[in-house]
Amino acid sequence: MRPAPLSLLIVFGCISLLFTGVKAEIPPYHKFTASDGLPSSTVFDILQDRDGFIWIAGLGGVVKYDGLRFTTFRAKDGLNVTSTVALAQKTNGDIFFGSYENGISVLRNGKIRNYFRDTDGKQFLCSYLFITNDPQKGELLWIYKNSGRLHPLRDIGGKGARLPEVKVEKNATNRVAVINDRVLITTNFGLYELKAGQAVPLDIDGLPRESLFKVCRGRDGSFLVGSSGMIYRVTGSRVTERYRITVPAVSNEVNEMIEDRSGNIWFSLVNGGIYMIDRRTGAEIDIATRTGLKNTNITSLIEDREGNIWIGTYGKGVFCFHNRYLSIFNEFDGLSNNIVNSVMVTPTGEVVAGTTDGVNVLMDGKFFRPPGFSLPAQPEYIYHVDKSANTIHVAGVFYGRIPEVVNYRGLNFKLFNRPAFHTRKGGTMILALFSNGIDLWTDPFTTDKPIGEIRIFSDSVMVFRINDIMEDNRGNIWLATSKGLCRVRDLKLKSGKLTGERTYFPDDIVAGAPLKSVTIDRAGDAWFTGEKGIAVYRQRTGKITSWTKFGGADLSQATSIAFDAEDRLWIGTMSGLYIIDGSRVHRFNRMNGLPSSEVLSLSCDTGKNNMYIGTSDGLVRFDIALYNSTPVVKPDVRFVGFHDRTTPGPLSTTIEVQPENRNIRLDFSPLLFASPDAVTYRYGFDGKYTTTDDGFVSFANLDPGEHSFSIIAIDGNSHPGKPLKMVIDVIPVFTETLGFRLILISIFLVVVFIGVRVRLNSSAKKAAEELKMTERINELKHQALSAMMNPHFVFNSLNSVQYLVNSNRNEDANNYIAMMAQLMRKNLDASASGFILISEEIDRLKLYLELEKMRFSDKFDYRISVDDGLSSQTIMIPNMIIQPFVENSIWHGLSDSKSDGLITIHFGMEEDSASNRILRIRITDNGIGISNAMKKRNNEHISRGMSIIEERLKLLSVKMEIPKPIVIDDLGEKAIDSSGTEIIISLPGPLYKYTG
């Protein structure tokens with residue numbers, strides 16, 4: 001498919017411009033409707049009280065808004081009627097709520113009650129309220145409606161008392177305002193003033209005697225008057241300025257109007273939406289179309305102490321325009337795409353934005369798109385735009401005869417199908433390749449071949465992107481690439497080949513990582529942005545300094561850098577915008593005005609002192625002068641709610657918590673309406689401090705007594721407010737009082753005295769029993785040792801030695817004697833210790849069993865095993881408890897057995913039902929079994945050593961309060977084809993121990 005001719009594309013561009021509904025930019029705003037917490041989207045009046053809270057009167061009641069939450073009051077909360085149409089506040093803090101036909105309610109001392117309602121049928125209608133300060137009668141509350149009379153009320157005994165009403169000529173009242181202690185009244189017959197209880201017409205030079213609809217305070221002591229199609233500024237007794245309304249609307253009657261602190265005039269037209277006259281340019285800004293209020297009736301218009309503009313509407317909720325130094329452009333305003341990759345300001349003031357769908361130019365408040373050359377089925381992705389003389393260079397994805405020169409609406413565009421470019425002082429151009437290189441051109445628009453080409457990282461073709469190119473005042477070429485930073489020094493053509501000294505910075509945390517942009521400052525230093533943060537190369541020192549964080553700001557994924565007229569550093573990142581002003585950091589993101597936290601590009605218009613910010617959701621114009629002059633409203637935190645399980649209560653410096661409701665929640669607000677979500681809180685409770693982003697703190701199961709609590713709010717630019725301190729007094733129950741504690745202490749002392757006496761008496765008895773038991777255990781130890789060395793064993797062993805000698809088996813006799821001596825030595829050595837290592841006990845058992853095997857002519861065998869998870873080198877068991885049982889198995893189990901005997905000894909760790917670790921020693925033989933052994937032999941012949949050990953362990957069991965330690969099972973009684981005996985010795989924790 002052939003590309004369209006350039007002339008045809010220009011025609012298409014003009015036609016699309018004609019049909020593009022380009023609108024002027026507006027500040028960011030919040031919108032609140034019934035789905036956001038308002039009881040109704042129909043709003044009649046808005047007021048900011050002296051404490052800073054916003055009050056909204058509407059069809060569904062009255063709302064108190066603290067920036068984080070809405071609190072609604074209805075008839076059930078004390079209002080005369082739910083639907084409320086007007087608001088006013090006296091200097092003492094009383095807030096009045098006017099209803100159309102049910103009188104006036106008042107909020108006083110935290111409670112809403114009736115203030116005035118005529119039950120005799122003489123109730124006046126109310127649309128608006130205002131307050132005056134009469135020298136004799138004090139503050140008066142005035143009530144009126146359009147085409148009606150003015151009704152004053154004086155406070156007597158906390159109630160409103162009627163005073164004589166004021167009649168305006170032909171009851172033609174439109175609106176009333178108190179300005180500089182003057183009560184001005186707009187009527188259908190001109191402007192009036194309330195003097196001495198009478199409405200007196202004013203003769204203002206230049207102000208017509210016709211229908212006037214709104215009057216409001218102006219700057220420098222003036223006031224503004226709105227009429228049909230005109231706004232007049234009155235200074236003294238004459239009109240000094242006129243503003244003609246030209247916006248097309250259903251009506252041109254100005255029904256709401258204010259002049260903000262910057263001198264902009266906000267006005268609304270009857271059923272025609274909201275507009276603004278820009279103080280600097282005099283242009284009318286169409287806010288209505290952008291916000292969907294074109295045919296909406298505006299019911300209220302105020303400016304709060306932060307400079308936010310609040311707009312109440314009939315049926316469409318409340319709008320809060322904030323951070324008015326920001327102006328947002330997006331697709332609604334004519335941008336071809338909201339993703340602005342690059343932005344620049346031309347010398348003649350046009351703003352050029354490169355998006356993912358082509359180039360957009362902001363000229364005379366409107367966007368247009370010059371024709372481009374996109375690929376089929378692919379948008380014109382713009383990487384970078386820059387200016388050189390009177391030419392706008394554009395790097396992007398194009399199709400057709402590229403490079404291309406386009407002249408459109410007096411601007412010259414040069415299009416490159418490259419990722420980056422740079423125009424050198426001599427006029428030559430450096431263009432980035434998509435494959436590890438740059439080439440140098442005399443003029444890519446008049447020649448077909450470059451002067452030369454040079455590779456950047458190695459001399460081969462590689463797939464990576466050069467994102468930006470800049471040349472400093474010393475001729476160094478700086479390349480920001482996806483592989484890191486490269487400096488090319490002394491770039492020149494040598495022997496027909498482009499050469500240059502290439503330097504890399506792989507060891508720098510920022511310069512060695514992927515980079516996005518390069519900027520040269522006024523001093524000639526090169527600044528870089530990239531994945532890890534920002535860096536600067538100082539020409540004076542020849543060194544790079546990098547920052548991944550600064551002043552608590554995370555600079556990772558930095559995309560762009562710019563400097564304003566005051567030489568402040570602006571840094572765009574994928575998480576927001578940061579302005580570095582000395583050591584102070586100003587933060588901006590989606591939570592405080594930007595349409596998106598993803599900042600992709602920056603460009604400063606130093607002539608008009610504006611910074612243009614390209615984001616992923618539109619273009620932003622940042623009015624630096626307005627920002628500098630905007631006063632900082634610190635977030636002075638206020639408590640707005642206290643809740644335990646049942647009781648919301650009034651707030652004071654001390655909160656009393658009842659004993660049955662110790663789970664409480666404290667709600668608080670910074671009273672910042674522009675960016676409440678950007679506020680963080682640091683609170684302390686009993687000296688321990690915590691940070692939170694939530695507008696509440698919860699405490700569970702508070703201890704009785706007084707607790708200290710303090711909190712401070714910090715806005716998105718690290719401005720702290722005043723700390724708020726209070727005491728949380730948790731009321732104790734009787735059992736937590738001092739008296740109850742004294743009673744408990746007295747009872748305790750009596751019990752202790754009695755207990756000590758009883759214990760002293762029993763201690764002597766128990767000590768005697770302990771002494772007796774200890775003596776018995778020691779006696780059993782000696783008996784066990786004697787049993788282990790019993791005479792039968794010694795006698796039989798000596799007979800075996802004699803037999804071996806007589807049989808001339810002298811070597812076997814010597815071995816037998818040596819083993820017997822070694823066993824006797826081990827027994828004697830161990831007799832002094834209460835515990836022995838399992839490994840040592842196994843060595844002793846092996847000696848004993850080997851002797852018995854030799855004596856019984858290998859009639860039996862043995863096996864000793866230990867669980868894998870059990871360390872025989874670190875666990876100790878009571879001494880002298882196993883050998884007697886092994887001896888019993890040999891003499892009473894295996895000696896009478898006709899088959900080959902086997903003794904197994906196993907050490908293992910197990911858990912009982914209570915998850916206690918038990919060391920179990922299992923001694924098993926395949927002999928005739930304990931029952932048969934007892935039949936063949938007298939009970940007295942059962943091993944004496946075995947009974948001694950059993951008695952010893954039983955005594956230890958009683959002393960340490962553990963279960964029965966020894967179990968003996970006859971295996972022949974458990975299965976028909978089985979025989980033998982199993983002895984299980986169970987040693988709980990107290991009867992074994994670890995070493996080391």
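Trainee: Are Phe 685 and Phe 699 buried or exposed in this predicted model?

Mentor: Phe 685 is buried, and Phe 699 is buried too.

Trainee: What makes Phe 685 and Phe 699 a stacked pair?

Mentor: Let's take it in two steps. A pair of aromatic rings is described by the distance of the centres and the angle of the planes. For Phe 685 and Phe 699, the centres lie 4.4 Å apart and the planes are at 25°. The cut-offs are 6.5 Å for a pair and under 30 degrees for stacking, so the two rings pass both tests.

Trainee: Where in the chain do Phe 685 and Phe 699 sit?

Mentor: Phe 685 belongs to strand E62 (residues 680–685) and Phe 699 to strand E64 (residues 696–699), 14 residues apart. Ring pairs also tie both into a cluster with Phe 639, Phe 668, Tyr 681, Tyr 683 and Phe 709. Counted by the same rule, the model has 48 aromatic pairs.

Trainee: How do you know that Thr 42 counts as buried?

Mentor: The relative accessibility of Thr 42 is 10%. The limit is under 20%, so Thr 42 counts as buried. Thr 42 lies in the loop between strand E1 (29–32) and strand E2 (43–48). Beyond its neighbours within four places in sequence, Thr 42 touches Gly 58, Leu 59, Thr 313, Tyr 314 and Gly 315.

Trainee: Why are strand E52 and strand E55 said to stand at the edges?

Mentor: Look at the order of this open, antiparallel sheet: E52-E53-E54-E55. Strand E52 (558–563) and strand E55 (584–588) each have a single partner strand, so one side of each has no neighbour in the sheet. On average, neighbouring strands here are turned by 20° against each other, direction ignored.

Trainee: What makes E53 and E54 a pair?

Mentor: Two strands need at least two bridges to pair. Strand E53 (residues 569–573) and strand E54 (residues 576–581) are joined by five bridges, so they meet the rule. In one of them, Thr 573 has Gly 576 of E54 as its bridge partner.

Trainee: How do helix H6 and helix H7 pack?

Mentor: Helix H6 (residues 810–830) and helix H7 (residues 838–855) pack at an angle of about 145°, and their axes are 10 Å apart. Their crossing is left-handed. Among the residues that meet are Tyr 816, Met 819 and Leu 823 in H6, and Leu 847, Tyr 848 and Leu 851 in H7. The residues of this contact divide into nine nonpolar, two polar and five charged.

Key. Residues are numbered from 1 along each chain as its sequence is written. This is a predicted model: local features need pLDDT of at least 70, side-chain atom pairs count only at pLDDT 80 or more; totals for chains, interfaces and linings use all residues. Side-chain values use heavy atoms; hydrogens and water are left out. Helices (H or I, at least four residues) and strands (E, at least two) are DSSP runs, numbered from the N terminus. Axes are lines fitted to C-alpha atoms, for helices over the stretch in contact, and angles run from 0 to 180 degrees between N-to-C directions. A crossing is left-handed if the near helix is turned anticlockwise from the far one by less than a right angle, and right-handed if clockwise. Contact means heavy atoms within 4.5 Å. Ala, Val, Leu, Ile, Met, Phe, Trp, Tyr, Cys and Pro count as nonpolar, Asp, Glu, Lys and Arg as charged, and the others, Gly among them, as polar. Buried means under 20% relative accessible area, exposed over 50%, partly exposed in between (1.4 Å probe, protein chains only). Rings of Phe, Tyr and Trp (its six-membered ring) pair if their centres lie within 6.5 Å; planes under 30 degrees apart count as stacked, over 60 as edge-to-face and the rest as tilted.
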